[in-house]
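Reader: Hi! I have a protein open on my screen and could use a hand reading it. Can we go through it together?

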Amino acid sequence: MPTTSPAKQIVSLKMAQGLLQRAAMPADWQLTPERIQRTLERSVAHRFANAPPNDARTIQGYLDSLHAADLALACACSNGNAAAWDSFVAQYRPELYRAARVIAGEAASRELADSLYAELYGLREVAGQRKSLFDYFLGRSKLTTWLHAILAQRYVDAFRRARHTESFDDDSDPGDRASLAAPAQLSSDPERERYLAMLQGVLLAALGTLAARDRLRLAYYYVEGLTLAQIGKLVGEHEATVSRKLERTRREVRKHVEAALRREKKLSDAQLRLCYEYAREEWPFDLTQALSARE
């Protein structure tokens, strides 16, 4: 068993109750003092990692500096409380979209912002428990500031993943490198149609393996351009659930497509990059029929 940290010895239940009173949260968030106490323990441990305090006054002074209302909202959302989620979406969704437009530009902003909902809700599980990104918010900054930082980091992560996918092995053909370094030459490649046909084939196959409901969400989002809230009303799910399931489906499709292009089509990293470059130049596929739900 791990030893008890100084933070756990100092952050009392009374201190947690005091922060909840300061947060003035709605009762239907159902956030208990014990739950907020656990988060405060982690916050204190993080703040005083190098010099653990030995008096309650120092701890209380730090707790008083936290953004109590934001921290309570984050904890309630992490718990999966529907009322808290509704409050978060109503208050922060417009700001998330605005920030995403600044970070990623108009074209990519919607997907960047919407994909964050999946992480905030908790897309992955650790030891059988849902892991929410909200667990990392410790109240030291405003929630808006923290969300902006997360959006920016996710954009950088996506950019790095794209660069990694597009990188070449050291033994890749120099001729391939030269041709790929000149975007103006891409549309003149005689292999363009063959690569696009391969990509379309494996993409259609990947979409065909999805459950009808997963295809339906994709169609609502990408074909009809509906918002997460609109999709949620149509399929009877909370918009955070829609975001989480969309993100999971996108990952499954991308994994299937890349595996098929490498294993079945025997494409190299350079050729795989060509497929993506051609598709990004001008998306040539009409996936409406492939995304139609088949019950």
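Reader: How far apart are the end C-alpha atoms of helix α10, and what span should its 17 residues have?

Author: The end C-alpha atoms of α10 (residues 192-208) are 24 Å apart, which agrees with the 24 Å that 17 residues should span at 1.5 Å a residue. The expected span is 1.5 Å times one less than the number of residues. Helices here are DSSP runs of H or I with at least four residues, strands are runs of E with at least two, and both are numbered from the N terminus.

Reader: Before I go on, what kind of model is this?

Author: This is a predicted model, where local features need pLDDT of at least 70 and side-chain atom pairs count only at pLDDT 80 or more, while totals for chains, interfaces and linings use all residues. Residues are numbered from 1 along each chain as its sequence is written, and side-chain values use heavy atoms, with hydrogens and water left out.

Reader: Thanks! Back to α10: which residues there are buried?

Author: Arg 192, Tyr 195, Leu 196, Met 198, Leu 199, Val 202, Leu 203, Ala 206 and Leu 207 are buried in α10. They cover an arc of only 160° around the axis, which puts them on the same side of α10. Buried means under 20% relative accessible area, exposed means over 50%, and partly exposed is in between, using a 1.4 Å probe and protein chains only. The arc is taken from the directions that run from the helix axis to the C-beta atoms.

Reader: What about α4, which residues are buried there?

Author: In α4 (residues 56-65), Ile 59, Tyr 62 and Leu 63 are buried. Looking down the axis of α4, its buried residues fall within an arc of 100°, so they line one face of the helix.

Reader: Let me zoom out. How many helices and strands does the protein have?

Author: There are 14 helices and 2 strands in the protein. Of its 295 residues, 43% count as buried. If you take contacts between residues at least 6 apart in sequence, 69% of them join residues at least 24 apart. A contact here means heavy atoms within 4.5 Å.

Reader: Okay, new topic. At what angle do the axes of α11 and α13 cross?

Author: The axes of α11 (residues 212-223) and α13 cross at roughly 100° and come within 10 Å. That makes α11 roughly perpendicular to α13. The axes are lines fitted to C-alpha atoms, for helices over the stretch in contact, and the angles run from 0 to 180 degrees between N-to-C directions. Under 35 degrees counts as roughly parallel, over 145 as roughly antiparallel, 65 to 115 as roughly perpendicular, and the rest as oblique.

Reader: And which residues meet there?

Author: Asp 214, Arg 217, Leu 218, Tyr 221 and Tyr 222 in α11 meet Val 242, Lys 245, Leu 246, Thr 249 and Arg 250 in α13.

Reader: I clicked on Thr 249. Is it buried or exposed?

Author: Thr 249 is buried, with a relative accessible area of 3%, and it sits in α13 (residues 239-263). A polar atom of its side chain lies 2.8 Å from the backbone oxygen of Lys 245. Leaving out residues up to four places away in sequence, Thr 249 touches Leu 210, Asp 214 and Leu 218.

Reader: Last one: what is the phi of Gln 30?

Author: Gln 30 has a positive phi of about 55°, although it is not a glycine. Most residues other than glycine have a negative phi. Gln 30 is in the loop between α2 (13-23) and α3 (33-47), and it is exposed, with a relative accessible area of 62%. Lys 266 has a positive phi too, of about 60°, and is not a glycine. Lys 266 lies in the loop between α13 and α14 (269-281) and counts as exposed at 64%.

Definitions and conventions:
Polar contact = N/O pair within 3.5 Å; in protein donor to acceptor, adjacent residues only side chain to side chain.
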